[in-house]
Amino acid sequence: MTQFGYEFKPEMDFDKYAESFLVSDARLYGITDPVVAKVYGYLPAPGNSAIPNANAALAGPNFDLVLIGVDNGEAPTPEVLSKSPGTLGGIEIPAGGCLGDARLKVTGNVSGNALDSETLGQDLHIQAWRAAMQDEKLAAAKNAWARCMAKGGYTGIDPIGGPEKLSGLGEDGTINPASDSEVKQALVDIECKRTTDWVKTANAVHVDYALRAINENQLALEDSKNFFDNALENANDVIANG
């Protein structure tokens with residue numbers, strides 16, 4: 001980007017992004033933290049993962065062309081990404097722009113998707129989750145949790161869900177303290193999960209399906225692992241040597 005006159009800056013705080021996965025994993029089977037629920041109900045405690053777009057001032061007629069190799073809303077099809085979109089200041093723009101050039105160096109493909117198996121792990125993760133959620137053991141655990149919730153006056157809800165409208169969620173996505181009624185429901189929810197062993201049961205069933213998926217796809221997953229290992233090695237080499 002520098003050779004085309006753009007001082008491009010990273011747009012993501014990766015440490016904060018990594019933290020967001022920990023928050024999501026902690027709520028994988030629904031809310032479980034009474035300390036957070038006492039203030040924010042069904043919402044997580046507000047984080048600080050968002051940062052201003054450091055490149056907003058760079059937007060211009062040639063920015064997208066240099067960054068991703070397309071302009072004017074053109075679709076980044078394989079055909080478009082297979083060749084240079086032209087030159088700027090006498091310098092040829094790489095196929096797929098500077099981002100495509102980086103992907104090529106890291107993954108061997110301008111789109112960054114060199115192998116069909118590169119998404120296999122995520123695909124299997126989704127399949128295992130869906131299968132677990134339909135398992136008879138989990139259905140029984142849901143019913144036990146639902147009966148507990150009904151005693152507190154709450155019906156027609158799911159242990160992984162919550163109220164249709166979250167009282168602490170602002171229109172701009174901000175997280176604020178929840179209403180007293182939502183906090184009360186959240187605390188009953190968490191207590192019912194504890195007394196019915198919902199999380200332990202859900203996790204055991206989920207892990208069972210995940211292990212089956214891994215065992216049934218070991219060779220294909222090895223290809224996927226090799227793809228990411230190579231990409232990481234290439235990325236470290238680029239960082240070290242340019």
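Read along the sequence, the protein follows the pattern α-α-α-β-β-α-α-α-α-α-α, which comes to 9 helices and 2 strands. These elements are DSSP runs numbered from the N terminus, with helices (H or I) of at least four residues and strands (E) of at least two. The model is predicted: local features need pLDDT of at least 70 and side-chain atom pairs count only at pLDDT 80 or more, while totals for chains, interfaces and linings use all residues. Residues are numbered from 1 along each chain as its sequence is written, and side-chain values use heavy atoms, with hydrogens and water left out.

**Overall dimensions**

The C-alpha trace spans about 75 × 45 × 35 Å along its principal axes. The radius of gyration of the protein is 24 Å, whereas a compact globule of 242 residues would have one near 18 Å; the value is taken over C-alpha atoms, and the globule rule is 2.2 Å times the number of residues to the power 0.38. Of the contacts with a separation of 6 or more, 70% are between residues 24 or more positions apart, a contact being heavy atoms within 4.5 Å. The protein exposes about 15,400 Å², of which carbon and sulfur atoms supply 54%; accessible areas come from the Shrake-Rupley method with a 1.4 Å probe, and for residues only the protein chains shown count as cover. Of the 242 residues, 26% count as buried (buried is under 20% relative accessible area, exposed over 50%, and partly exposed in between, with a 1.4 Å probe and protein chains only).

**Aromatic contacts**

A pair of aromatic rings is described by the distance of the centres and the angle of the planes. Rings of Phe, Tyr and Trp (its six-membered ring) pair if their centres lie within 6.5 Å; planes under 30 degrees apart count as stacked, over 60 as edge-to-face and the rest as tilted.

| Pair | Centre to centre | Angle between planes | Class |
|---|---|---|---|
| Tyrosine 6 and phenylalanine 63 | 5.5 Å | 70 degrees | edge-to-face |
| Tyrosine 29 and tryptophan 129 | 6.0 Å | 25 degrees | stacked |

Tyrosine 6, in the segment before α1 (14-26), and phenylalanine 63, in helix α3 (residues 63-68), are 57 residues apart, and both are buried. Tyrosine 29, in the loop between α1 and α2 (34-40), is 100 residues from tryptophan 129 in helix α5 (residues 120-133). Tyrosine 29 counts as buried because its relative accessibility is 7%, while tryptophan 129, at 21%, counts as partly exposed.

Another ring carries a charge: the charged end of arginine 212 sits over the ring of tyrosine 209, 4.4 Å from its centre. The criterion requires NZ of Lys or CZ of Arg within 6 Å of the ring centre and within 35 degrees of the ring normal.

The whole structure contains 1 disulfide, defined as a pair of cysteine sulfur atoms within 2.5 Å. Cysteine 148 is joined to cysteine 192, with an S to S distance of 2.1 Å. The torsion about this S-S bond is about -80 degrees, so the disulfide is left-handed. Because cysteine 148 lies in helix α6 (residues 136-151) and cysteine 192 in helix α7 (residues 180-196), the pair ties together parts that are 44 residues apart in sequence. Both cysteine 148 and cysteine 192 are buried.

Lysine 193 is also placed in helix α7. This lysine is buried, with a relative accessible area of 5%. Leaving aside residues up to four places away in sequence, lysine 193 touches Tyr29, Gly30, Ile31, Thr32, Trp145, Pro159, Trp198 and Val199.
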